[in-house]
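Subject: Structure handover

Hello,

The structure is below, with the sequence. Please open it first, then read my notes.

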Amino acid sequence: MNRHIVPVALLLYFTSFVLSAQTEYLPKKIYKAYRVETAPVINGVFDDQAWQSGEWGGDFIQNEPYEGRPPSQQTEFKIAYDDMNLYVAIKALDTAPDSITNRMSRRDNGDGDMVFVVFDSYHDLRTGFTFGVSSAGVRFDMVFSNNGQSEDPTWDPIWLAKAQVQDWGWGAEMKIPFTQLRFKANSKDVWGFEVARQIFRNNEMSFWHPIPRTAPGLIHAFGELDGLQGVEPRKQLDLMPYAVGSLKTYEAEEGNPYADGTDPKFNVGLDGKIGVTNNLTLDFTINPDFGQVEADPSEVNLSAFETFFQEKRPFFIEGNSITSFNVGLGDGDVGNDNLFYSRRIGRRPQGYPSMGDAEYAKVPVFTRILGAAKLTGKTENGLSVGVVEAVTADTRATIDNEGVERKETVEPLTNYSLGRVQKDFNKGNSIIGAGMTSTIRKLGGTELDYLHKNATTAGVDFTQYFKDRNYTLSAALYASNVQGSTEAISNTQLSSARYFQRPDAGYVEFDSTLTSLSGLGGKFEFGKIGGNWNFLFMNVLKSPGLELNDVGYMREADEILNVLWTGYSFTEPFSIFRSLNLNNDVYMAYDFGGTIGGIGYEYNVNANFKNYWHAGFGGGFNFHQISNGMLRGGPSMYMPNGGRFNYRLSSDDRKNFSAGFFGFTGWGAENYYRRSSYEIFMTIRPINTLSISIAPSYSPNVQVLQYISQQEMNGDDRYIFGSIDQKVLSMSLRINYNITPDLTIQYWGQPFIASGNYTDFKMITDPKADQFTDRYHIYSTGQISLLDETYEIDEDMDGNVDYSFDNPDFTWEEWLSNLVIRWEFLPGSTAYLVWSQTRNYYNPDGTFEMGDNLNSLFTDKKATNTFLVKFSYRIGLR
């Protein structure tokens, strides 16, 4: 759990404005920057000649917790500039300097007292470039877009900041090159401008220009920065060559020439950032390496759907607010749908070599990215542009047959493309956009005809704000087309996203002769986003033929979902609360055949207390549940109603020790299932440079129907299920030691144990019977027997085996850990020292004995260790 309070608080404060409205604003404050001839030395001390001119800005107003009141401590600032840079000086005055929270952390994970400046240099009233620094000198930077509704904390400009604690408080100095900002040449306009201060011990945020907490947005409500009209924009040109060496050690496999116990590797590549125009930047990478990126957490996925993983590679996450074309609703499974899912680029190969009994194979873990380029920015006329182009290699496995090698392609040469544009006008109240993606695979000469040869998606979207931005209306319409062999398109029709083969789906038909498939999707939202009370009506529809998963992400097609959400926010402290948020929603889902798939109700309560503790609870109920995917290609099935409840409590996370817990329970009617999850999280900060976080969790799950297999008897399908007793135990351990803001040591480790014990094997007999227990038949002892880890079924009890399936019991254990020493020895130049370790153990008995499980995990075989050294050097040519 992220315990870095200050940047998170800033995000919450700023984005929370989207959920409130205030039609009355104070007159815009204006600060005039001044030119200096001699640049100040950036050290956090204001003794340079540059700071002897100009006026100190001040008169900050508290925003949190008590809006409109004077802050507990005053703040002053100056803004100066020369031809190359913008300079910022901030005096964070404090009558109790010994109470300043001065914590060391890694960049963008700032903690403690902080100050921020935000520039709307486009002055489009929608975009803000944020630069922050803590009293310990830790930098924080991000980009706000869409009037503060979207934020990109992965933006890492090249700039300098220093801070020092003084007897009057603390001071911060910043040097921000104009190459890192985007603005019009020869502009006569002012910039939007805001300064903010976080006083950590009071959990207090104050602003230079007051922004009502009921304002339906952020950037449009900024003050203004004058005096920069004569500054010429600067184009950026940075080249960052890198070299990386690694050594992987693991347990050797006797006879396998590709598993001798050690795998050394060396690689070089080049990253670059080029200012194409004043407002457009081209990022590129040639032969990239992401060995320093933390591994995905362990999981056991027993569903038919792909797990969504967050992007962690720096090249793809920076600027993703521009390249995103989200077509989902809210958070969770439905909210992840997007025309562009960058994890597809460089993915794990989709193929596997065909091998004989005496053969060994060396199969790449990931597809190699030959190169990628990304053009992002916003033109002078308000056109936001995002273009991504990436090429991945023809990735081949090497197969050895008694000393004779051959190659076999497991992922073809592929080109991925994305184009995204958005144009805002009417002072940012109207936005129209379009997006398009393309995936082209070279399948000739491979055995991968089951993949799409070409895949294209395209869409348009529109957003309109009205009545002083208190209300919003948005819509999107998009389409997809995939092309390939009859095998590839058949697989698409039969996939878990749509199941065209369902015998009771009269509105779709499986066609094995198709070589292309097309689909449509749409999204509509209307609501009130201003004021303490808000509402939002949301609709999303995805036709059965829609397919986004070549370079996008989509869990399910064939869906029409309607949601009505409403919420109320108490923003001013009262009684025991600092703030209180209440919300609930109702939803109804259909398929394109008109069948209601489910009706539900959800509610949530979130409270922040005056003692800085946090608590909340929520839950929901599902009714009229009909699943088109339960039988994974079989007929739809009636499912019992269900409910869920979650609760959470956490202590004051400003303290050196903080803790909390989270609990969840879900249940199905007629004893269909019972799921629970429990998590405890703790953070200890023994010194200001060290934090230790630990979060153990335990999740038991008992379910009557867990899919196992589909079999056939006398020409009729058999859908085989079992009751499962599943247990998952894991723990996340994080240690952050920050020697300086630019030299950090980070460690993450996770033991993971999951087991599944199956009993009461059954087949579905009448999926739409009135009573749940009449929808299946449990095999009697005379019908089922276990032989050599295979269950044999004699359904008609005539003494002959009618069909069989493997024993599905499992116990899976895994250990993941990652130690990263990161040193930014010069701005933009970084050295990494990485040690990663993985262990895994599989046992097909389904037992869960923590002591025995951990013992086998750490003693069964040698761990896989990877040692990596990476060095990148920034060459700034402009």
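The count of salt bridges comes to 34. Please keep in mind that this is a predicted model.

**Salt bridges**

Side chains of opposite charge can pair when their charged atoms come close.

- Asp111 and Arg103 meet through their side chains in a salt bridge, at 3.5 Å from N to O. Both Asp111 and Arg103 are buried.
- Asp424 and Lys378 form a salt bridge through their side chains, with 2.7 Å from N to O. This pair links distant parts of the chain. Asp424 sits in strand S23 (residues 413-425), Lys378 in strand S19 (residues 369-378), and they are 46 residues apart. Asp424 is buried, and Lys378 is buried too.
- Asp725 and Lys727 also meet in a side-chain salt bridge, at 3.1 Å from N to O. Asp725 has a relative accessible area of 30%, so it is partly exposed. Lys727 is partly exposed because its relative accessibility is 22%.

There is also a network. Salt bridges link Arg107, Arg139, Asp141, Asp156, Asp742, Arg822 and Glu824.

**The second largest pocket**

Rolling a probe the size of a water molecule over the atoms shows where empty space is left. In the second largest pocket, that space is about 590 Å³. Its lining has 22 residues. Which of them lie nearest the centre? They are Glu306, Gln350, Ser495, Glu547 and Asn549.

By type, the lining of this pocket divides into eight nonpolar, seven polar and seven charged residues. Helix H5 (residues 486-494) gives the largest share of that lining, three residues.

**Arg313**

Arg313 belongs to the loop between strand S17 (280-286) and helix H2 (314-317). Is Arg313 buried or exposed? Its relative accessibility is 10%, so Arg313 counts as buried. The cut-off for buried is under 20%.

The side chain of Arg313 makes a polar contact of 2.9 Å with the side chain of Glu311. Leaving out residues up to four places away in sequence, Arg313 touches Phe290, Val293, Ser342, Arg343, Ile345, Gly346 and Ile369.

**Backbone points**

Most residues other than glycine have a negative phi, and most peptide bonds are trans.

- The peptide bond that joins Glu64 and Pro65 is cis, with omega at about 10°. Pro65 is in the loop between strand S3 (61-64) and strand S4 (75-81).
- Asn671 is not a glycine, yet its phi is positive, near 60°. The loop between strand S36 (657-668) and strand S37 (673-687) holds Asn671. Asn671 is exposed, because its relative accessible area is 69%.
- Asn714 is not a glycine either, and its phi is positive at about 55°. Asn714 lies in the loop between strand S38 (690-713) and strand S39 (716-740). At 69% relative accessibility, Asn714 is therefore exposed. The cut-off for exposed is over 50%.

**In short**

Best regards

Methods. Residues numbered from 1 in each chain as written. Predicted model: local features only at pLDDT ≥ 70, side-chain atom pairs only at ≥ 80, totals over all residues. Heavy atoms only, no water. 1 Å grid on protein atoms, 1.4 Å probe; cavity = no way out; pocket = protein on both sides within 12 Å on 5 of 7 lines; lining within 4 Å. Points joined across faces, edges and corners; volume = space filled by probe spheres on them. Helix = DSSP H or I, 4+ residues; strand = E, 2+ residues; numbered from the N terminus. Nonpolar A, V, L, I, M, F, W, Y, C, P; charged D, E, K, R; others polar. Salt bridge = Lys/Arg side-chain N within 4 Å of Asp/Glu carboxyl O. Buried < 20%, exposed > 50% of the residue type's maximum accessible area, 1.4 Å probe, protein only. Polar contact = N/O pair within 3.5 Å; in protein donor to acceptor, adjacent residues only side chain to side chain. Contact = heavy atoms within 4.5 Å.
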